[in-house]
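Biologist: I have the model open. Can you walk me through what was computed from it?

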Amino acid sequence: MANVRQHEIDLTRYAIDTCAALWRRRRHPRGDNVELRGGVLSIAFRDIHPHDLSQVLDQAGVCVRAGHHCAKPLLQTMNVPATSRASVYIYNDESDIDALAEALEASSDIFAF
């Protein structure tokens, strides 16, 4: 299990480093300290609605979820209507993060940002 956790930490760090310049992220409650957080990435990307973004990412073969993620009171407090959420774990590797970053950049072209 220590190896599984280390993989999650390493991949989360890679995702934050790779995608940070692409999305306007609100600080995670645990911040960018990957030792204290899990491999969940809440994405508020430009002004693209999370459901639209999720559909575009899906068409690129990138699986994310859009919505409140059972955290509607928190999102209301943060004045965020919804987010797209990517999660990493043992079945993911850096190529999955690269695909996410590429699909996010491509979505900018679709929505003219």
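Modeller: Two strands pair if DSSP finds at least two bridges between them; strands are DSSP runs of E, at least two residues, and helices are runs of H or I, at least four, numbered from the N terminus. This is a predicted model: local features need pLDDT of at least 70, side-chain atom pairs count only at pLDDT 80 or more, and totals for chains, interfaces and linings use all residues. Residues are numbered from 1 along each chain, and side-chain values use heavy atoms, without hydrogens and water.

Biologist: Which residue is the bridge partner of R65 in β3?

Modeller: R85. Strands β2 and β3 (residues 83–87) are antiparallel, with three bridges.

Biologist: What is the strand order in the sheet?

Modeller: β1-β3-β2, an open antiparallel sheet of three strands. Because β1 (40–43) and β2 (65–67) each have a single partner strand, they are the edges, and one side of each lacks a neighbour in the sheet.

Biologist: Switching topic, how many salt bridges are there?

Modeller: The whole structure has two, counting a side-chain nitrogen of Lys or Arg within 4 Å of a carboxyl oxygen of Asp or Glu. E8 meets R5 at 2.7 Å, N to O, and D17 meets R13 at 3.0 Å.

Biologist: Where do E8 and R5 lie?

Modeller: Both are in helix α1, three residues apart, about one turn. D17 and R13 are also both in α1, four residues apart.

Biologist: Is E8 buried or exposed?

Modeller: Buried, at 13% relative accessibility; buried means under 20% relative accessible area, exposed over 50%, partly exposed in between, with a 1.4 Å probe and protein chains only. D17 is exposed at 52%.
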